[in-house]
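Here is a short briefing on one protein chain. Look at the sequence and the model first, then read on.

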Amino acid sequence: MNRSDASLRSTFLSVEGVAYACFLLLDLTGHGDQTTPIKYAGIVLCLAFSLLGTDRLVPLALALTAGADWFLLVRNDRYAVGIALFLCVQTVYYLRLRRMGAGAAYPLRAGLALGLGVGLYLLRLASPVNLLAGLYFSQLLSNTVLAWRMGRPGRLFAVGLTLFVGCDVCVGLFNALPPGSPPYSAASVGMWFFYLPSQVLITLSALPGKEEVHEIQ
């Protein structure tokens with residue numbers, strides 16, 4: 001990485017760090033309703049910065065992520081559309097992992113999807129939106145496992161996906177817990193506590209020299 005690239009990276013991390021500190025402070029002091037523009041700007045910045053890298057799958061995934069967050073965060077409606085876009089994000093990340101040399105892992109992907117679907121059915125939560133969310137989460141978990149199996153070349157990507165899992169666990173708790181309870185409040189802060197760092201790390205993993213991405217021979 002040359003000096004210009006290093007400077008851009010430092011600027012990116014500084015801006016994201018300031019945004020992160022601002023919305024966490026607002027979330028922790030009960031002003032979370034004022035954080036939407038800051039949070040969404042952080043995601044859009046990840047998308048913009050990812051275009052400087054050589055990996056074209058990550059910008060595509062981050063564009064889909066920005067679309068999903070438009071519905072789930074900014075508009076706060078059309079949840080099925082937002083979740084479907086996140087499922088597309090995980091499909092793109094699966095393609096990236098395959099390009100990095102990961103195996104197909106069909107039994108893992110199918111098993112997790114089936115297991116989560118059965119779990120939702122047994123809990124009597126098997127609505128169309130919940131089943132779609134379960135399918136999406138199963139693919140996120142599968143991608144995270146595959147990324148960690150890649151070893152050092154995929155480590156930054158793996159950490160980013162792991163934080164992504166932490167965010168979605170908090171989302172699930174936020175939607176399941178009674179409002180106003182301490183765990184509910186912790187989950188409401190935890191969602192973006194994990195989410196923006198996950199997107200920043202995934203963005204950085206697309207930069208030259210950060211991931212040893214190669215085509216499968």
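This is a predicted model: local features need pLDDT of at least 70, side-chain atom pairs count only at pLDDT 80 or more; totals for chains, interfaces and linings use all residues.

**Charged pairs and packed helices**

Residues are numbered from 1 along each chain as its sequence is written, and side-chain values use heavy atoms, leaving out hydrogens and water.

**Salt bridges**

- Side chains of opposite charge can pair when their charged atoms come close.
- The structure holds four salt bridges (a side-chain nitrogen of Lys or Arg within 4 Å of a carboxyl oxygen of Asp or Glu).
- Aspartate 27 pairs with lysine 39, and their closest N and O atoms are 3.2 Å apart.
- That pair links distant parts of the chain, 12 residues apart: aspartate 27 is in helix α1 (residues 3-28) and lysine 39 in helix α2 (residues 36-50). Helices are DSSP runs of H or I with at least four residues, numbered from the N terminus.
- Arginine 99 forms a salt bridge with aspartate 55, with the closest N and O atoms 2.6 Å apart. Both arginine 99 and aspartate 55 are buried.
- Asp55, Arg96 and Arg99 are linked in a network of salt bridges.
- Aspartate 77 pairs with arginine 75, with the closest N and O atoms 3.0 Å apart. Aspartate 77 is partly exposed, at a relative accessible area of 25%. Arginine 75 is partly exposed as well, at 38%.

**Helices α5 and α6**

- Helix α5 (residues 106-122) packs against helix α6 (residues 128-149) at an angle of about 145°, with axes 8 Å apart. Axes are lines fitted to C-alpha atoms, for helices over the stretch in contact, and angles run from 0 to 180 degrees between N-to-C directions.
- Residues that meet here include Leu112 and Leu116 in α5, and Leu135 and Phe137 in α6 (contact means heavy atoms within 4.5 Å).

- Leaving aside neighbours within four places in sequence, tyrosine 136 is in contact with Ile83, Phe86, Leu87, Gln90, Phe164 and Asp168.

Key. Helices (H or I, at least four residues) and strands (E, at least two) are DSSP runs, numbered from the N terminus. Buried means under 20% relative accessible area, exposed over 50%, partly exposed in between (1.4 Å probe, protein chains only).
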